[in-house]
Number of protein chains: 2
Amino acid sequence: MRLHGAVLHLMRRIRREDLHFGLSASRMSALSCVAFGTPRTLGDLAAMEQVSRPTMTRLVAALERDGYVEKRADRRDGRLTWIEATARGRRVIEEGRRRRSTFLAGHLAGLNERDRTALGRVIAIMERIYEKSR
Amino acid sequence: MRLHGAVLHLMRRIRREDLHFGLSASRMSALSCVAFGTPRTLGDLAAMEQVSRPTMTRLVAALERDGYVEKRADRRDGRLTWIEATARGRRVIEEGRRRRSTFLAGHLAGLNERDRTALGRVIAIMERIYEKSR
DNA sequence: GGGAGATCGTTAGCTTTGCTAACTTAATCC
DNA sequence: GGATTAAGTTAGCAAAGCTAACGATCTCCC
């Protein structure tokens, strides 16, 4: 199996899937950063998403225009902009999670005990490799 | 772990990695389709890469311009264009494989027998799920 | 044999998402 | 209080998706 093919195809598939929600993969990902947990500054978001600040500016602008997030100025530091998800934004992310979790549950249900053990073991391996290679 | 984040970040990382070869991820992937094995028509490539034909036209044009592939007309059917990798194109793909395989070998070497068994088992599970969900 | 329709690749034009460089505004430091 | 640093934005570029429409070629069928 060609590695590039595999990841690119996965990406393209996610892209199409996300479009059902009316959000591109990048917007979805950025939104999911603020959907739960504390609000983030725009710069934080850019760092989390490993994207330049101008790119994040644009993503947030689109999300704001469509009512998924809101921006709020910091009282103390006039340079900061805080990004928060709206109720609508949280709903979209929640819905996506629900779908994926249904999908996964369906497949996990078909696995026997041995398979599940193997899965847990491999997840640990993957995480170790991921950590080591930054 | 957020799914979108995970795949997007993996994608971005591959993109940066590929740029070391002077080729984008999409070009790399298309090139890898023709690097070994039989030549492909442009339409076949588009289908394999799950991309529209106009998009593949452009990818191939870029690869040809940079000397990674060559186009050849079909004698029988004037509509077909066959795409073949040049020696240079094959070299690039080979080099990429070599790198990844070194990377993987390094990590696999650190695994014990149980881990390796689990890995094989999980790969089978993944392939099953992938097949089922088209 | 020839016309209708299918197929293949391309062109044109749009959108999204990356980037860097340069700017504005605000905070901090000395 | 002036210089430097930091945060976000603007402008402008490139790559990679897409659809619609087009020309060339092949196929099919009367």
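Predicted model: local features only at pLDDT ≥ 70, side-chain atom pairs only at ≥ 80, totals over all residues.
**Entry 1**

I began with helix α6 (residues 113–132) of chain A and its partner α6(B), whose axes come within 8 Å and cross at roughly 110 degrees. Axes here are lines fitted to C-alpha atoms, for helices over the stretch in contact, and angles run from 0 to 180 degrees between N-to-C directions.

Residues are numbered from 1 along each chain as its sequence is written, and chains are lettered from A and ligands numbered from 1 in the order in which they are written.

Which residues of α6(A) make the contact? I listed Asp115(A), Ala118(A), Leu119(A), Arg121(A), Val122(A) and Ile125(A), and from α6(B) Asp115(B), Ala118(B), Leu119(B), Arg121(B), Val122(B) and Ile125(B). Two residues are in contact if their C-beta atoms, placed from the backbone, lie within 7 Å. By class, the contact of α6(A) with α6(B) has 8 nonpolar, no polar and 4 charged residues. Nonpolar covers Ala, Val, Leu, Ile, Met, Phe, Trp, Tyr, Cys and Pro, charged covers Asp, Glu, Lys and Arg, and the others, Gly among them, are polar.

**Entry 1: the two chains**

I then looked at the whole interface, where 27 residues of chain B are in contact with 27 residues of chain A. On the side of chain B that touches chain A, two or more residues each come from α1 (3–19), α2 (25–35), α5 (87–109) and α6 (113–132) of chain B. Of these, α1(B) gives the most, with 10 residues. Helices (H or I, at least four residues) and strands (E, at least two) are DSSP runs, numbered from the N terminus.

The same surface serves both copies, as 100% of the contact residues of chain B recur in chain A.

**Entry 2: the sheet of chain A**

I found an open sheet of 3 strands in chain A, ordered β1-β3-β2 with antiparallel pairing. Its edge strands, β1 (40–41) and β2 (69–73), each pair on one side only. Strands pair if DSSP finds at least two bridges between them; 2 bridges join β1(A) to β3 (residues 81–85). Arg40(A) has Ile83(A) as its bridge partner in β3(A). Across β2 and β3 of chain A lies α4(A), running at about 115 degrees to β2(A).

**Entry 3: the DNA**

Which residues are closest to DNA strand C? Of the 22 that surround it, the closest are Ser24(A), Ser52(A), Gly78(A), Gly43(B) and Pro54(B). A residue is near a strand if its C-beta atom, placed from the backbone, lies within 6 Å of it. The largest share of this surface, 4 residues, comes from α4(A).

For DNA strand D I counted 21 surrounding residues, the closest being Gly43(A), Pro54(A), Ser24(B), Ser52(B) and Gly78(B).
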